[in-house]
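Dear colleague,

I am passing on the structure below, and after it you will find notes on what was found. Please read them with the model open beside you.

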Amino acid sequence: LPPFESRTNFIKAQRIVIMITPLRGSFTRPRDSMKRTPNSSFVQQEQEENQELIVEYDRNQWRWSSLLLAATSAMLADLNYTLLISFFPEAAKKKGLSLFTVGLVISVFQLFNFLTCFIAPAVTSKLGARLVLILANMLQSGLSVGMAFTGMINDPKGFFVSVIILRSLQGVAASFAEIAAGGIGMRSVPYDKLGEAMTYIEMTRVLGTVSGPLLGGIFFNIGGYPSPFILSAALLCIMAIALILTPMAKEVDNKGEGRDVGTGGPSATRILWSQPVIVILFFLILSFCVAFTFIEPTLQPFLIRPPFNLGHASVGGVAVLITLSFLVFGAITPFFINFIGLLPSMSLGFLLMGISFIIMAPPVKFEGPLSLFSFMHQTSFSGSMALICSGMLLLGMAGGLVYNPVNNLMVSEADFAGLSLEECSDQIVSILNQAFTLGGFFGPLISGCLVHHLGFPRSCTLFGYITLFFTALAITLLFVIFKRRKPETDSTDSDLTTPFVDDRIDSQSEGVL
């Protein structure tokens with residue numbers, strides 16, 4: 001066979017050869033006019049080796065147990081992050097910590113999570129995702145036990161140093177867990193279901209993020225300061241044991257398969273970041289994460305004033321609409337993509353995202369470009385609630401439409417760059433995780449600065465404008481890049497309209513054969 005662009009194509013071509021050649025009789029038995037030659041045993045041995053490859057790399061089946069363990073581990077990592085939000089600020093205040101130091105304790109988790117993203121893919125590829133995930137869960141469990149004992153420290157400085165160190169290490173362990181879990185999830189499903197699998201994992205992560213404060217508050221009321229941490233430690237320990245007892249296929253574990261491990265060539269991370277499409281997708285998913293965290297520090301102060309006058313529970317209910325909408329629409333997005341394709345789906349998602357910010361809080365009166373939609377402003381409670389709830393629902397729908405295509409397009413671009421999924425899956429998850437953590441940091445910061453100077457309504461309108469402008473620019477760049485590749489690859493608009501990337505890979509393999 002001639003050289004291929006990637007190992008993925010080579011494996012797929014082998015599968016096609018083995019499936020076709022028995023019909024020709026060239027591999028299964030010699031022709032009547034042929035005599036056996038000394039090379040016949042070599043041919044038979046080569047066929048058996050190829051058949052082994054087919055079984056080992058068969059991606060046409062779902063490995064549900066591996067996917068479930070990966071999704072649950074990612075969910076527990078996010079639950080562990082938000083667990084203390086509902087009770088720790090008040091408990092830390094009694095220990096003598098200021099609001100600034102409390103915020104630092106909570107946010108340092110994300111800082112170290114982000115920094116660990118740069119080394120986690122190489123470690124995961126070398127040790128294997130399963131082992132890394134087991135160790136990460138065990139480490140998180142032990143650190144949660146340590147957090148439970150910090151309640152016994154009465155000295156403010158000692159308490160602060162203890163919790164800041166433990167939270168930093170939790171961020172490191174969570175980063176390893178999330179990247180290993182994402183890689184396992186991507187390798188546990190057929191190629192044409194990659195985006196769907198990653199959306200399921202992200203949905204479970206959202207559940208962990210939402211349930212963390214709820215469980216933390218409940219168990220704090222039941223057993224005091226240590227109880228939430230003991231709960232988290234127990235859940236993470238159970239997950240580690242489940243990973244130890246559950247067998248995992250070696251192609252899912254992917255030990256030693258990453259391009260970053262001893263290949264002598266450029267690393268998968270460097271190859272991915274050298275692709276303009278990957279860079280554009282990174283900034284798109286970063287803007288998506290900034291949008292989701294934009295309202296975190298500013299929604300509650302806006303909704304407790306007239307005409308809303310909502311209590312804390314009602315404000316939480318409005319914010320949860322984003323999560324519910326994302327979960328529901330994320331589940332049906334794969335079917336929706338089948339009709340319009342990857343790039344159109346992502347474009348529609350960002351369009352809805354910009355619209356959601358524009359309609360959720362229109363300014364009271366027209367005062368310039370930032371109040372163009374002041375005619376939508378409602379003075380009544382029901383009208384204002386309808387607008388804010390519609391904005392929340394549209395934002396969740398946008399998330400469901402955006403996340404699935406981004407994963408598929410990243411995998412497709414990695415294949416275009418000559419990387420198989422086994423070589424780059426951990427690196428792709430690392431890139432996504434970097435976007436999530438940076439978005440979680442910059443979203444509240446940007447929101448706070450804008451609202452301080454412009455107020456919540458005009459800040460939302462400005463952010464909607466910015467989202468629409470830069471999204472239009474990025475989507476146009478992607479469209480031009482994919483269109484310019486068409487004459488070179490002699491393929492259809494698979495990157496633009498094909499529902500999943502597997503169709504493009506198969507068509508390339510068949511064309512070479």
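In what follows, Ala, Val, Leu, Ile, Met, Phe, Trp, Tyr, Cys and Pro count as nonpolar, Asp, Glu, Lys and Arg as charged, and the others, Gly among them, as polar. By these classes, the lining of the largest pocket divides into 23 nonpolar, 16 polar and five charged residues. This is a predicted model, in which local features need pLDDT of at least 70 and side-chain atom pairs count only at pLDDT 80 or more, while totals for chains, interfaces and linings use all residues. Residues are numbered from 1 along each chain as its sequence is written, and side-chain values use heavy atoms, with hydrogens and water left out.

Helices here are DSSP runs (H or I, at least four residues), numbered from the N terminus. Helix H8 (residues 156–187) and helix H9 (residues 194–223) have axes, which are lines fitted to C-alpha atoms over the stretch in contact, with angles running from 0 to 180 degrees between N-to-C directions, that come within 9 Å and cross at roughly 145 degrees. Contact, meaning heavy atoms within 4.5 Å, is made by Glu 178, Ala 181, Gly 182, Gly 185 and Met 186 of H8 and by Leu 194, Ala 197, Met 198, Ile 201 and Arg 205 of H9.

Helix H9 also holds Gly 195, which is buried (under 20% relative accessible area, with a 1.4 Å probe and protein chains only), its own value being 0%. Leaving aside neighbours within four places in sequence, Gly 195 is in contact with Asn 404, Asn 407 and Asn 408. The C-alpha atoms of Gly 195 and Val 411 are separated by 9.1 Å, although the two are 216 residues apart along the chain.

With best wishes

Note on methods
Helix = DSSP H or I, 4+ residues; strand = E, 2+ residues; numbered from the N terminus. Buried < 20%, exposed > 50% of the residue type's maximum accessible area, 1.4 Å probe, protein only.
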